[in-house]
Amino acid sequence: MKIRQNILRTVLAAALCTFAQTAASDELSVATFVPPQHHTNTLMFQWFGEEIEKRSGGTLTMKLYPAGQLGAGPVQQYKRAIEGVGDITFGVAAYTPAIFPKTMLAILPGTSNTGEESTRQIWESFDDHFADEFSEVKVLAVGTVAGSLLVGTRDVSTLEGLQGAKLVPFAAMTTPLVEAMGAVPVQLPVTEMYTGLSSGTIDVTTASYNNLTHL
């Protein structure tokens, strides 16, 4: 059966999943960079795979390749969809902000109060304002994280505590905010944040609770 590769993108600041080219198969390959136990795999993609098989009457199935099995790291996920490395890829648009400059507007301070509100705003304006940034793929889903926290090995509950702290920004475009608070921005993918905190490479990271507990 002919299937169109698509892109599933979650704006975490933007996280995304993608597909683009045409493949002939009755099994869809799904590439994610998060580990097998991450909720994206155990909940979202498990449900998605069950729905595909049920709605196709068993003629179409899905195979998940977690933890970067089809390519390590989140940065190249969009490219992997376009090149056909995976029929579906899941990634974070914030890791490639130059490709998705308009999508990145969703993460600016003051644009929304909750992850749900931000996600609905993106849904409502996607076709008119964001779709052209994904012209090479078909978007399956898009959304923002439920919420982010500052998690660190030192007290950063005050501006004084932030002074000189090595902090991973929510996204590269928020680096000026980090610098304005007196912290030192350090870019690090979500899969390396926990290790970074443990080893002292960073003092603080900006991440959602579910990412920290599933990575």
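# Notebook: pocket, cores and a few residues

I began with the lining of the largest pocket, whose residues divide into 15 nonpolar, 12 polar and no charged. Here Ala, Val, Leu, Ile, Met, Phe, Trp, Tyr, Cys and Pro count as nonpolar, Asp, Glu, Lys and Arg as charged, and the others, Gly among them, as polar.

A note to myself: this is a predicted model, where local features need pLDDT of at least 70 and side-chain atom pairs pLDDT 80 or more, while totals for chains, interfaces and linings use all residues. Residues are numbered from 1 along each chain as its sequence is written, and side-chain values use heavy atoms, with hydrogens and water left out.

**Pocket.** I looked up its volume next: the largest pocket holds about 590 Å³ of space. Among its 27 lining residues, Ile107, Pro109, Ser148, Phe170 and Thr206 come closest to the centre. Helix H3 (115–130), strand S9 (149–152) and helix H5 (175–180) each give two or more residues to this lining. (A pocket is an open set of points on a 1 Å grid over the protein atoms alone, where a 1.4 Å probe fits, with protein on both sides within 12 Å along at least five of seven lines; lining residues have an atom within 4 Å of a point. The volume is the space filled by probe spheres set on the points, which are joined across faces, edges and corners.)

**Overall.** I found 7 helices and 12 strands in the protein (DSSP runs: H or I of at least four residues, E of at least two, numbered from the N terminus). Of its 215 residues, 47% are buried (under 20% relative accessible area; exposed is over 50%, partly exposed in between, with a 1.4 Å probe and protein chains only).

**Cores.** Which residues have the most contacts inside the largest nonpolar core? They are Leu28, Phe33, Phe45, Met62, Tyr78, Phe134 and Val137, in a core of 34 residues. (A core joins buried Ala, Val, Leu, Ile, Met, Phe, Trp, Tyr and Cys through side-chain atoms within 4.5 Å.) Among the elements giving two or more residues to this core are strand S5 (27–31), helix H1 (39–55) and helix H6 (193–199). I also noted a second, separate core of 7 residues, including Val156, Leu162, Ala165 and Val204.

**Phe33 and Ala67.** Beyond its neighbours within four places in sequence, Phe33 is in contact (heavy atoms within 4.5 Å) with residues including Ala67, Phe90, Gly91 and Val190. I followed Ala67 to the loop between strand S6 (61–65) and H2. Ala67 is partly exposed, at 47% relative accessible area. Its phi is positive, about 55 degrees, although Ala67 is not a glycine. Most residues other than glycine have a negative phi.

**Rings.** I counted 8 aromatic pairs (Phe, Tyr and Trp rings, the six-membered one for Trp, with centres within 6.5 Å; planes under 30 degrees apart are stacked, over 60 edge-to-face, the rest tilted). Phe45 and Phe90 have ring centres 6.3 Å apart and planes at 90 degrees, so this pair is edge-to-face. The pair links helix H1 to strand S7, 45 residues apart, and both Phe45 and Phe90 are buried. Ring pairs also link Tyr78, Phe100, Phe126, Phe130 and Phe134 into a cluster.

**Asp203.** Is Asp203 buried or exposed? It is buried, with a relative accessible area of 15%. Asp203 lies in the loop between H6 and strand S12 (204–207). Outside four places in sequence, its contacts include Arg154, Lys166 and Leu197.
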